[in-house]
Amino acid sequence: MSEPLEESVKKHTQPFGSVEDLTPLLDAIGDAKIVMLGEASHGTSEFYTVRAELSKRLIEEKGFSLIAVEGDWPSSQQVNRYIKGYSSGEQTPQDVLRSFTRWPTWMWANEEIAEFISWLKAHNGQSDHKVGFYGIDVYSLWESMEEVVQYLTHTNPAGADLELAKKAFSCFEPFNREPEQYAISTANFTQVCVDEVSKLLSSIRNNEDQYKNRQESDLNLEINALVAKNAEDYYRAMVQSGEISWNIRDEHMVEAINEIRDYHGSDAKIIIWEHNTHIGDARATDMRRDGMLNVGQILREQNRPEDVFAVGFGTYTGTVIASDSWGVPYERIAVPPARINSWEEILHRTGAADKFLIFTEENRSLFDVWVGHRAIGVVYNPEFEAHGNYVPSKMSQRYDAFIFIDETKALTPLEIENPIV
């Protein structure tokens, strides 16, 4: 890698020893209404704990009141109801997080999140401006349909929306909760279930005044219907193209984010927790070449530049929770030192310590060069890392800031029995 990038890293990074050191980052965020906090893996303790500490400061110092995460809506609603005092009964944060039963359960059912959830509940108990916790992913088709049917059965058993919901749900029942079976079936029946879920979402939106509720049941109903519609689209696209299904998923997440923001009012500020591959602008990576977009790109396109701020995360070495193939039990896996001349290796080479970098108008051009940037998924094999885990990126265009933790450790999952794959 050319020396100028190395020298620029030395010149512009700042040491990071505690969350108090991130005050310049808070200053750079300014009055942004949307702050996206990334992660280089779904199984690294420090990515979760640092995001939590940064989120606390955003909540307390800048008035953020919404947290959206890369998780299922129904499971996240259990957390939202718990921290806002909507649910009854004696529960611990760990009890609530065990509602995340879809594999990979460790993404949200872990001790690091449990500690943050405990803080959020305590904060909400002392504040008139309660913070919400929402899942924005698209996978929970069957669970979301069940939520819709159950809610409408309880609130409006004679209504037309319930009949629409039952009809839509019955359309998916033959596939035994197996997304792959449904995806394969759509190769021959292109309109399978499309009309039913589209009519359901449209009707719920048209009749939204019937479902107003102080405990957000109306938002819960609408987002679950939205998940059903977009999940159908996503699973149908699985057999066509990975790029198409990726785009549908990220477009859904943006749609969910916008619905949540609209519900809480134009002044509500939102923090988004997702993998770097979702929050870092896809236009500054080779994803653009493949026609892929992501949450970070779309939100930047939809909003004023000063209203959106993206923070990437990375590490040089350590351990991580991941699996060696889809749906199998997790392992604690060693993360080898980053590839020579990658972004993470340069950050390590210029001083093996935790640090952060804010991209500004003055220095952004210095980092507007292509460099490999490591990404670790829920399926991870270090032996193949050099060939598939580095995303060519222009870092100063992909993010507004970057937090680097030189050596990281695996997070601590909660034990979940019989997870849904």
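**Stop one: two helices**

Select helix H4 (residues 73-83) and helix H6 (residues 111-125): they pack at an angle of about 40°, with their axes 8 Å apart. Axes here are lines fitted to C-alpha atoms, for helices over the stretch in contact, and angles run from 0 to 180 degrees between N-to-C directions. H4 and H6 are therefore oblique to each other (under 35 degrees is roughly parallel, over 145 roughly antiparallel, 65 to 115 roughly perpendicular, and the rest oblique). Helices (H or I, at least four residues) and strands (E, at least two) are DSSP runs, numbered from the N terminus.

This is a predicted model, where local features need pLDDT of at least 70, side-chain atom pairs count only at pLDDT 80 or more, and totals for chains, interfaces and linings use all residues. Residues are numbered from 1 along each chain as its sequence is written, and side-chain values use heavy atoms, leaving out hydrogens and water.

Now show side chains: Val79, Tyr82 and Ile83 in H4 meet Ile117, Leu120, Lys121 and Asn124 in H6, where contact means heavy atoms within 4.5 Å.

**Stop two: a cis bond**

Move to tryptophan 103 and proline 104, joined by a cis peptide bond with omega about 0°. Proline 104 sits in the loop between helix H5 (93-97) and H6.

**Stop three: a positive phi**

Next, pick glutamate 216, in the loop between helix H10 (194-206) and helix H11 (217-237). Its phi is near 70°, a positive value in a residue other than glycine. Is glutamate 216 buried or exposed? Glutamate 216 is buried, at 4% relative accessible area (buried is under 20%, exposed over 50%, partly exposed in between, with a 1.4 Å probe and protein chains only).
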